[in-house]
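Hi there,

Here is the structure I promised to hand over to you. Have a look at it first, and then read on for what was found in it.

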Amino acid sequence: MEENPVDAHYDMDDFTKVIVSENEISRKLDELGEQIRADYEGRDVLLVGVLKGAVMVMADLARRMPPSFQMDWMAVSSYGSGTKSSGVVRILKDLDTDLTGRDVLIVEDVIDSGITLHWLLGNLRSRGAASVEVMSLLRKPDAVQVELDVKYVGFDIPSDFVVGYGLDFAEKYRTLPFVAILKPEVYQGD
C-alpha cells in the first residue's frame with residue numbers, strides 16, 4: 001500500500017508498518033459509495049454501524065450516501081478485552097429502528113473471524129428486513145472461520161493485529177487516519 005505523507009506526523013514506534021493509508025481509504029470509500037448508491041437507488045436504506053470500530057468508516061461512508069439513507073448503531077461484542085474473539089456474542093446496544101421491510105446495510109470496520117458478523121446477520125434478518133447486506137472496509141481472509149457473503153469489501157489485509165481508523169487496542173489508536181500493523185510487543189506487554 002502507498003505511504004501517506006500525513007503518516008509522518010504520527011509517532012510510528014508502535015507499528016511495524018502502515019498497510020492502508022488515509023488517501024487509499026478515501027479513494028476506496030469513494031468507489032464503494034458510488035457502487036452502493038447505484039445498487040440501492042430508490043430503496044429504503046438503513047445503514048447499521050457496528051460500534052465502536054465502525055464509527056470512522058460509517059461517518060465517512062454516510063457522507064457519500066444520499067440524504068434519504070438513514071443510520072442506526074448497534075454494539076455487539078465477542079472480544080472482551082483481549083485480541084482474539086471469544087466466540088460468545090453479546091448485544092451491548094441494540095438498534096432503535098424497526099427493520100421491517102427495510103434494506104439494511106451493515107457497516108463494519110474489519111471482518112476477522114467472522115463469528116460476530118455471522119451472528120449479527122442472522123439476528124438482523126430475523127427482524128423482518130427486506131434485505132441485509134454487509135460493507136466492510138477491511139477483511140482478513142486467512143482469519144475467517146465461518147462462511148460469509150460480504151457484498152462490499154474495501155481491502156483484504158493480512159491476519160496481523162491492526163489499529164487505526166476506528167480499530168483499537170485497549171481503546172487506543174482509533175483516531176489514526178490510517179490502518180497500521182501494531183507491533184506484537186505493544187499488545188503482548190513485553
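Strands here are DSSP runs of E with at least two residues, helices are runs of H or I with at least four, and both are numbered from the N terminus. Please keep in mind that this is a predicted model, in which local features need pLDDT of at least 70 and side-chain atom pairs count only at pLDDT 80 or more, while totals for chains, interfaces and linings use all residues. Residues are numbered from 1 along each chain as its sequence is written, and side-chain values use heavy atoms, with hydrogens and water left out.

The sheet

S6 and S7 run parallel and are joined by four bridges. Two strands count as paired if DSSP finds at least two bridges between them. Which strands make up the open sheet, and in what order? There are six, in the order S4-S3-S2-S5-S6-S7, with mixed pairing. S4 and S7 stand at the edges with a single partner strand each, so one side of each has no neighbour in the sheet. From one strand to the next, the twist averages 30°. Helix H1 packs on this sheet, where it touches S5, S6 and S7, contact meaning heavy atoms within 4.5 Å. The direction of H1 makes about 160° with that of S7. For such angles, axes are lines fitted to C-alpha atoms (for helices, over the stretch in contact), and the angles run from 0 to 180 degrees between N-to-C directions.

Now look at S2. Six of its seven residues are buried, where buried means under 20% relative accessible area, exposed means over 50%, and partly exposed lies in between (1.4 Å probe, protein chains only). S2 pairs with S5 in the parallel sense over five bridges, and Leu 47 stands opposite Leu 105 in S5. S2 also runs parallel to S3, with six bridges joining the two, and Gly 49 stands opposite Trp 73 in S3. The chain gets from S2 to S3 through H2, in a right-handed β-α-β crossover. Right-handed means that, with the strands pointing away from the viewer, the path from the first strand over the helix to the second runs clockwise.

H2 has buried residues too: Val 57, Met 58, Asp 60 and Leu 61. The elements that cover them include H1, S2, S3, S5 and S6.

The nonpolar cores

A nonpolar core is a set of buried Ala, Val, Leu, Ile, Met, Phe, Trp, Tyr and Cys residues joined through side-chain atoms within 4.5 Å. The largest one has 29 residues, and those that touch the most other members are Ile 36, Met 135, Leu 137, Leu 138 and Val 179. Among the elements that give two or more residues to this core are S1, H1, S2 and H2. H1 gives the largest share, four residues. A second, separate core has 19 residues, including Leu 46, Val 89, Val 104 and Ile 106.

The salt bridges

How many salt bridges are there? The count comes to 13, taking a salt bridge as a side-chain nitrogen of Lys or Arg within 4 Å of a carboxyl oxygen of Asp or Glu. In one of them, Asp 103 meets Arg 43 at 2.9 Å, N to O. Asp 103 lies in strand S5 and Arg 43 in the loop between H1 and S2, so the pair ties together parts that are 60 residues apart in sequence. Asp 103 is buried at 8% relative accessibility, whereas Arg 43 is partly exposed at 35%.

Another salt bridge joins Lys 93 and Asp 72 at 3.8 Å, N to O. Here Lys 93 lies in S4 and Asp 72 in S3, so the linked parts are 21 residues apart in sequence. Lys 93 is partly exposed, at 27%, and Asp 72 is buried, at 5%.

Arg 174 and Asp 168 form one as well, with their closest N and O atoms 3.2 Å apart. Both belong to a network of salt bridges that links Lys 52, Asp 168, Glu 171 and Arg 174.

Enjoy exploring!
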